Amino acid sequence: MGATSVSSKVERVDPAQPVTGRDEDAAAPPKRLRSLRRPRRPRLWFELLLIAVSYLIYSMIRNAAPLREEQAQSHARWIWELQDSMGLAFERGLNHAIGGVTWLIIAMNYYYATLHFIVTIAVLVWLFRSHPGRYGATRLVLFATTAVALLGYYFYPLAPPRLMDGMDFIDTASVHRTWGSLSAEDSAMASVSNQYAAMPSMHIGWSVWCGITIAVLARPLWLKLLGALYPALTLLVIMATANHFWLDAAGGVVCLAFGYGVAYLWYGGVCYRLPRQVPGTPGAPDDGDRASGGPPSRGRPSRDQPS
């Protein structure tokens, strides 16, 4: 009976025994994973290299997709007929109306060819400098969005409206010989650029990402309004220049939603709700600040600098 009592006492003590080496090894992977998921201060050289390599890979895969012209034309006709059945096939009327205003359509051609890159890079630089704690997660949204778009380019070739057979869309960039005409069918770039990678529209995917990021994180009201207007104006441009259907734009928004989902699962929260500064670095608040970048709640002073 005494032996039984001793055994019982030993059993009670067992849970308090030190963790063995095997237990430590089992607990190590989650710790390493948490370390990878923790926001950290971005390094300029790494970000430049990452963006350059990622865009190179993106371009290679996008342009390596089979140029299945017949299938691309078939898909374009199907999308046009679907939009028409809904009473929403308005791209041709828009294309002809704005195409008749020379100065406006030339401006839109340059908008289409340049701002897609300029604004996106500018937002990335702003995040890098002013919101380093949110930069990694918000950048992941953009990268995941672009990566999933490649599936559409590869498996769903689609002729843009300007290249549809039997339709009278105006190829505005080709007509006006603006810089955007590099994408025209008879240009030298046509041999290395996939003309049928139109679904989804990354002009919309990237512009909505820029717009949301600016509208949520910027402080001046006028800048928030510009952020909100940017994707709407981009939608007008891609249809007026006959580079996309509006359903291509919808595909871009779906890809963006996937990107936000990936970042949410990886970082365990909305990218804009992460601390503005990287925790543990000089000038970083203990508990972060609000997503809008505004003043903290009462009783919780913040050392953040204005955007």
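Tyr111, Tyr112, Leu115, His116, His203, Tyr230, Thr234 and Val237 line the second largest cavity. Two helices give two or more residues each to this lining: α6 (102–130) and α10 (221–240). Helix α6 supplies the largest share, 4 residues. A cavity here is a set of points, on a 1 Å grid over the protein atoms alone, where a 1.4 Å probe fits but cannot get out; lining residues have an atom within 4 Å of a point. Helices are DSSP runs of H or I with at least four residues, strands are runs of E with at least two, and both are numbered from the N terminus.

The model is predicted, so to speak of local features a pLDDT of at least 70 is needed, side-chain atom pairs count only at pLDDT 80 or more, and totals for chains, interfaces and linings use all residues. Residues are numbered from 1 along each chain as its sequence is written, and side-chain values use heavy atoms, with hydrogens and water left out.

Back to the cavity. Rolling a probe the size of a water molecule over the atoms shows where empty space is left. The second largest cavity has a volume of about 40 Å³. A volume is the space filled by probe spheres set on the grid points, which are joined across faces, edges and corners. By this rule there are 2 cavities of 30 Å³ or more. What kinds of residues form the lining of the second largest cavity? The lining has 5 nonpolar residues, 3 polar and no charged. Nonpolar covers Ala, Val, Leu, Ile, Met, Phe, Trp, Tyr, Cys and Pro; charged covers Asp, Glu, Lys and Arg; the others, Gly among them, are polar.

Histidine 116 sits in helix α6. Is histidine 116 buried or exposed? Histidine 116 counts as buried, because its relative accessibility is 8%. Buried means under 20% relative accessible area, exposed means over 50%, and partly exposed lies in between, with a 1.4 Å probe and protein chains only. Not counting residues up to four places away in sequence, histidine 116 touches Tyr111, Met202, His203, Trp206 and Tyr230. Contact means heavy atoms within 4.5 Å.

Now step back to the whole chain. The chain has 11 helices and 0 strands. Of its 307 residues, 43% count as buried. Look at contacts with a separation of 6 or more: residues 24 or more positions apart account for 81% of them.

Next comes the core. A nonpolar core is a set of buried Ala, Val, Leu, Ile, Met, Phe, Trp, Tyr and Cys residues joined through side-chain atoms within 4.5 Å. The largest one has 59 residues, and Val123 and Trp209 touch the most other members. The elements giving two or more residues to this core are α4 (69–85), α5 (91–99), α6, α7 (132–155), α9 (202–217), α10 and α11. Helix α6 gives the most, with 9 residues. Leaving aside neighbours within four places in sequence, valine 123 is in contact with Trp209, Cys210, Thr213 and Ile214.

Cysteine 210 is buried, because its relative accessibility is 0%. Cysteine 255 is buried too, at 10%. How many disulfides does the structure hold? The structure holds 0 disulfides, a disulfide being a pair of cysteine sulfur atoms within 2.5 Å.

Arginine 139 lies in α7. Arginine 139 is buried, because its relative accessible area is 14%. Leaving aside neighbours within four places in sequence, arginine 139 is in contact with Glu47, Leu50 and Leu124. Alanine 147 is also found in α7. Alanine 147 is partly exposed, because its relative accessible area is 46%. The C-alpha atoms of alanine 147 and isoleucine 57 are separated by 9.7 Å, and these residues are 90 apart along the chain.

Turn to the loops. Proline 200 lies in the loop between α8 (172–176) and α9. The peptide bond from methionine 199 to proline 200 is cis, with omega near 5°. Alanine 242 lies in the loop between α10 and α11. Its phi is near 60°, a positive value in a residue other than glycine. Alanine 242 is buried, because its relative accessibility is 0%.

Finish with arginine 273, in the segment after α11 (246–267). Arginine 273 is exposed, because its relative accessible area is 61%. Its C-alpha atom is 7.9 Å from that of arginine 134, although 139 residues separate them along the chain.

Notes. On a 1 Å grid over the protein atoms alone, a cavity is a set of points where a 1.4 Å probe fits but cannot get out, and a pocket is an open set with protein on both sides within 12 Å along at least five of seven lines; lining residues have an atom within 4 Å of a point.
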